[in-house]
Each structure stands twice: as C-alpha cells, then as structure tokens.
Amino acid sequence: MTVIAFYLFAAVAVVASLLVVGQRNPMYSVMLLITSFGALAGLYVMLDAPFTAVTQIIIYAGAIMVLFLFVVMLLNAASEDPVSGYHARLIGGAGPRRLGAFLSLGLAIELFWALRNLQTAPLASGDQQPPATSVYDIGLRLFQNYAFAFEATSVLILVAMVGAIILARRERA
Amino acid sequence: MSWVPEPTLNSYLILSAVLFSIGTAGVFLRRNLITILLSIEVMLNAVNLTFVAVDRYLGSVDGPVIVEGVTAYARVTDVPGPVEMATMYVPPEIGMTVVDDLARKGVKEVWFNPGSESPELLARATALGLAAIEACSIAGIGDSPRKY
C-alpha cells in the first residue's frame with residue numbers, strides 16, 4: 001500500500017513538474033504546479049508530517065499559487081512572453097541558454113553520481129529528538145530551539161516586503 | 001509488490017534530486033519570468049521534501065516505537081506529560097546513566113527492584129532529590145511476580 005502510494009505520488013510530482021517547465025502557457029504551468037504540490041503533500045503524510053502536508057496545501061497550493069494565478073491574469077501573460085531589455089541580454093541569449101542547459105545537466109549528473117552509492121545505514125543514535133509531528137511539538141521547537149532562525153526568517157520576509165514595495169513603486173516624474 | 005523496492009530515505013532523496021534538476025533546468029532554459037519563478041518553486045519544494053524525509057529518518061532511530069502495543073520511548077525526557085514514579089529493572093551501571101534524566105523529568109519516587117540498586121546509585125538518586133525505594137514494584141502494587 002505505502003509502496004504503491006509512494007510511486008504514485010512520486011510519478012505525479014515528477015510528471016507535473018516536468019510539464020510545469022515544459023508548458024508554454026504560464027496559466028497551465030501554475031495549475032500543474034498545484035498538482036505537483038498536492039502529490040508532495042501526500043508524500044509528507046507518508047513521512048509522518050501531517051502538519052507540513054496541510055500547510056503545503058493551505059499555504060502553497062491555496063495562497064501562493066492563487067497569488068501566482070492573479071499575477072498571470074493581471075499581467076495578461078497568457079503565452080510565452082520573452083523578457084526584454086537588460087534581462088533579455090542576461091538570460092535570453094543563445095550563449096547563456098546553452099551554458100544554462102549545460103550547467104543544469106551537469107547538476108543533474110552530479111546529484112545522481114552523489115546519490116548512486118549512498119548507503120541507508122541507520123545513523124548513530126546521538127542526541128536527536130523524535131520527529132515533531134503535532135502542532136504542539138512544532139510550536140515548542142519553533143519558539144524554543146529554533147527561535148533565532150524563526151525571528152531571522154521574519155526579518156528576511158520583512159526585507160523582501162520592503163524591497164517589493166520599493167521595486168513596485170512608480171517613479172515620480 | 002516484491003518487484004519494486006520499499007521506499008527508503010534514498011528513494012525520497014532521489015525523487016528530490018529529480019525534482020530539483022527539473023527546477024534548475026526550468027530556471028536556465030525558460031525565458032518567461034513567471035515560469036522561471038514557478039521553476040524556483042519546484043526547486044524549493046524538492047528541498048522541502050529532503051528536509052522532511054531526513055527529519056523522519058533521523059527521528060526513526062530514536063523516536064517512540066510501539067512494542068507489543070505499548071509506546072516505548074528512548075529516554076524518559078522524551079515522554080510527553082509528567083511522570084510521577086519510575087521503576088528500575090536495569091543493572092545499576094545503566095541506572096546511573098538514566099537517573100539524571102529522571103530528576104530532570106521531575107519524577108518523585110524511584111523504585112529499585114532487587115538487583116538494580118547499588119550504594120552509589122542510591123546516593124546519587126537521593127542527592128538529586130528523588131525518593132529512592134528499595135522494593136519490588138510488582139509486590140508494591142499488591143501483585144505477585146509469579147504472575148508475570
């Protein structure tokens with residue numbers, strides 16, 4: 001049962017992700033990404049992380065992807081819309097693209113070479129904690145053990161927000 | 001289903017690597033800014049999957065396990081909620097390694113069953129503020145050890 005579920009979810013995630021990259025219509029890409037997120041949420045449930053799975057659905061598939069859909073619709077970018085100007089020279093040229101394809105292929109080969117003879121030997125039991133599965137556990141860990149990382153993330157998000165506002169603000173003529 | 005291997009940590013890592021590679025290829029090969037953003041999301045999710053899988057893997061070594069229908073914890077500090085009393089069935093050398101955890105957990109009394117006590121261990125338990133009781137805990141609940 002778990003075996004079937006794993007391969008099913010994995011196949012859905014991989015195929016949907018491939019289509020996200022392969023689609024020419026950003027609208028379909030967003031929809032397929034939601035499918036991929038759903039499959040990953042299933043995998044999280046199998047890994048005893050139900051909270052992560054639910055968060056994945058609510059935050060990612062529910063909120064962030066809807067935001068993406070709005071952006072796609074508002075920008076009216078219904079089809080392949082090559083970027084122009086500076087960015088076009090940066091990422092659009094034939095040379096950088098060929099280099100990019102080469103680099104991503106290299107990364108894929110490197111990853112598989114690294115994973116090829118990885119042993120799944122049980123790790124030495126040191127001071128690891130049991131996995132945080134309940135909301136209570138996750139809350140405790142977040143505000144006790146990882147309070148600094150949590151606060152640092154919130155500052156990071158604040159910086160991103162300020163940056164987005166500055167970038168989006170129109171220049172006064 | 002013997003013709004396909006059970007999913008292990010490696011399966012999850014390989015799946016994560018596949019998704020990450022797909023995302024990288026998308027970032028490099030697509031020219032549409034929105035699709036590039038979506039590819040970055042694919043990469044982020046691949047990393048998320050790695051985190052969750054490794055967390056599960058690390059936890060499975062030391063986390064609570066079910067033994068004959070009873071939840072067993074690797075150490076007393078892992079037990080959720082307060083613990084009123086502990087009963088020792090391990091040699092005193094092992095007892096020395098757990099008595100500090102018992103005090104940290106706020107256990108009030110510790111029963112040392114015959115064979116599990118030693119002068120040092122009793123002294124250590126008393127020094128930590130634990131009420132040390134040298135008795136058989138099965139007899140202590142009014143039952144006979146013969147029945148077990």
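This is a predicted model: local features need pLDDT of at least 70, side-chain atom pairs count only at pLDDT 80 or more; totals for chains, interfaces and linings use all residues.
Student: OK, how many helices and strands in chain A?

Tutor: Seven helices and zero strands. Both are DSSP runs numbered from the N terminus, with helices (H or I) needing at least four residues and strands (E) at least two.

Student: And how much of chain A is buried?

Tutor: 27% of its 173 residues. Buried means under 20% relative accessible area, exposed means over 50%, and partly exposed is in between, using a 1.4 Å probe and protein chains only.

Student: What about the surface of chain A, how much belongs to carbon and sulfur?

Tutor: 71% of an accessible surface of about 11,700 Å². Those areas come from the Shrake-Rupley method with a 1.4 Å probe, and for residues only the protein chains shown count as cover.

Student: How much of the contacts in chain A comes from residues 24 or more positions apart?

Tutor: 49% of the contacts with a separation of 6 or more. Contact here means heavy atoms within 4.5 Å.

Student: Let's go inside. Which residues have the most contacts in the largest nonpolar core?

Tutor: Leu43(A), Leu47(A), Tyr12(B), Leu15(B), Leu19(B) and Leu49(B), in a core of 26 residues. Helices H1 (2-22) and H2 (26-46) of chain A and helices H1 (9-29) and H2 (33-62) of chain B each supply at least two residues of this core. H1(B) gives the most, with seven residues. By nonpolar core I mean a set of buried Ala, Val, Leu, Ile, Met, Phe, Trp, Tyr and Cys residues joined through side-chain atoms within 4.5 Å.

Student: What does Leu47(A) touch?

Tutor: Skipping its neighbours within four places in sequence, Leu47(A) contacts Tyr12(B), Leu49(B), Val52(B), Ala53(B) and Arg56(B). Another core lies apart from the largest one, with 13 residues including Tyr60(A), Phe68(A), Leu69(A) and Val42(B).

Student: Back to H1(A): what's its reach, and which residues are buried?

Tutor: H1(A) has 21 residues and reaches 30 Å from first C-alpha to last, close to the 30 Å expected at 1.5 Å a residue. The expected span is 1.5 Å times one less than the number of residues. Its buried residues include Val3(A), Phe6(A), Val14(A), Ser17(A) and Val21(A).

Student: Switching to the outside: which residues form the nonpolar patch?

Tutor: Leu99(A), Phe102(A), Leu103(A), Phe28(B) and Leu29(B), with about 470 Å² of accessible area together. The largest share, three residues, comes from H5(A). Patch residues have over 30% relative accessible area and no salt bridge; like charges are joined within 9 Å and nonpolar side chains (Val, Leu, Ile, Met, Phe, Trp, Tyr) within 5 Å.

Student: Where is Leu29(B), and what's its relative accessible area?

Tutor: Leu29(B) is in helix H1 of chain B, and it is partly exposed at 31%.

Student: Which residues of H5(A) are buried, and what covers them?

Tutor: Gly100(A), Ser104(A), Ala108(A) and Leu115(A) are the buried ones, and their cover includes H1 of chain B.

Student: Last topic. How many salt bridges are there over all chains?

Tutor: Three, where a salt bridge is a side-chain nitrogen of Lys or Arg within 4 Å of a carboxyl oxygen of Asp or Glu. One joins Glu84(B) and Lys108(B) at 3.5 Å, N to O. Glu84(B) sits in the loop between strands S2 (70-72) and S3 (85-88) of chain B and Lys108(B) in the loop between helix H3 (92-105) and strand S4 (109-112), so the pair ties together parts 24 residues apart in sequence.

Student: And what about Asp100(B)?

Tutor: Asp100(B) pairs with Arg124(B), the closest N and O atoms being 2.6 Å apart. That pair links helix H3 of chain B to helix H4 (residues 119-127) of chain B.

Student: Arg104(B) and Asp101(B): buried or exposed?

Tutor: Arg104(B) is exposed at 61% relative accessibility, whereas Asp101(B) is buried at 13%. Their side chains meet in a salt bridge at 2.9 Å, N to O.

Notes
Residues are numbered from 1 along each chain as its sequence is written. Chains are lettered from A and ligands numbered from 1 in the order in which they are written. Side-chain values use heavy atoms; hydrogens and water are left out.
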